[in-house]
Amino acid sequence: DHVTVAPDAGFPDHPHRGQETVSYCLAGFSDHEDFTGHRGTLGPGDLQFMTAGRGIMHAEMPRKSPDGSPGAGIQIWVDLPKELKYAEPQYRYLNSAEIPRVEIDSGRVTIAVISGESHGVESKRDLTCSPIWYFDITIRPGGKTGLIVPIGWNTFAYTLEGTTTFHSEESSNHVTQGHHVTFAGEGTHVEVSAS
């Protein structure tokens with residue numbers, strides 16, 4: 001879910017159960033709290049990993065920016081496996097400064113390794129109960145990279161800005177801003193570029 005939220009909007013108390021959410025703040029600030037007493041504020045580049053497990057009520061409300069601009073973020077929902085559906089709710093936080101980054105292709109590609117590993121760089125561990133790899137990739141004009149992905153995993157990419165090109169042996173596919181592409185589970189890697 002890619003959202004832009006004005007300061008007078010937001011997501012008041014609502015339930016989650018049997019899933020994990022990964023909330024990535026792209027712009028602005030968002031306050032959150034839940035019925036267990038957890039509360040905090042996410043700023044640009046910060047993430048919250050929430051395991052809802054047996055159930056939780058929480059709220060996410062944007063904080064007014066000094067310049068009045070809306071907040072923006074991405075939230076991914078991950079279904080918990082059967083054995084974790086009734087786990088105790090928990091949170092993990094990742095500040096922007098804690099995210100390791102790697103530059104490749106002569107500096108034309110920067111990969112923020114939020115969760116998982118890429119090009120020999122590993123993220124902070126134990127952020128989610130379900131294993132996920134999550135990267136924020138910036139590809140400058142002319143840049144390209146290949147990313148190894150675990151065989152059999154559900155894999156997708158979302159173009160936040162511009163146009164990205166995904167390559168296979170048979171074809172190249174252009175994915176424009178605000179659209180995503182889903183990859184075949186038997187694949188071993190993803191090849192991507194930007195012109």
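Colleague: How many of the 195 residues of the protein chain count as buried?
Modeller: The share is 41%. Buried here means under 20% relative accessible area. Keep in mind that this is a predicted model.

Colleague: What makes T21 buried or exposed?
Modeller: T21 has a relative accessible area of 1%. The cut-off for buried is under 20%, so T21 is buried. T21 sits in strand β3, residues 19-27.

Colleague: Which residues does T21 touch, leaving out those up to four places away in sequence?
Modeller: They are H16, Q48, F49, M50, Q75, I76 and W77. Each counts as a contact because heavy atoms come within 4.5 Å.

Colleague: And E186, is that buried or exposed?
Modeller: Its relative accessibility is 63%. Exposed means over 50%, so E186 counts as exposed. E186 lies in the loop between β19 (180-183) and β20.

Colleague: What share of the contacts with a separation of 6 or more joins residues 24 or more positions apart?
Modeller: In the protein chain that share is 68%.

Colleague: Why is a set of residues called a nonpolar core?
Modeller: Its members are buried residues of the nonpolar list, such as Ile and Phe, joined through side-chain atoms within 4.5 Å. The largest such core here has 17 residues. I111 and F166 have the most contacts inside this core. In soluble globular proteins, nonpolar side chains tend to be buried together.

Colleague: Which elements give two or more residues to this core?
Modeller: β10 (101-104), β11 (109-115), β14 (134-139) and β20 (189-193) do. β11 gives the most, with three residues. Beyond residues up to four places away, I111 touches several others, among them V102, I104, F135 and L147. A second, separate core has 13 residues, including Y24, F49, I99 and I132.

Colleague: How many positive and negative side chains does the protein chain have?
Modeller: There are 14 positive and 25 negative side chains. The centres of the two sets lie 4 Å apart.

Conventions. Residues are numbered from 1 along each chain as its sequence is written. This is a predicted model: local features need pLDDT of at least 70, side-chain atom pairs count only at pLDDT 80 or more; totals for chains, interfaces and linings use all residues. Side-chain values use heavy atoms; hydrogens and water are left out. Buried means under 20% relative accessible area, exposed over 50%, partly exposed in between (1.4 Å probe, protein chains only). Lys and Arg count as positive and Asp and Glu as negative; His and the chain ends are not counted. The place of a charge is taken as NZ of Lys, CZ of Arg, CG of Asp or CD of Glu. Helices (H or I, at least four residues) and strands (E, at least two) are DSSP runs, numbered from the N terminus.
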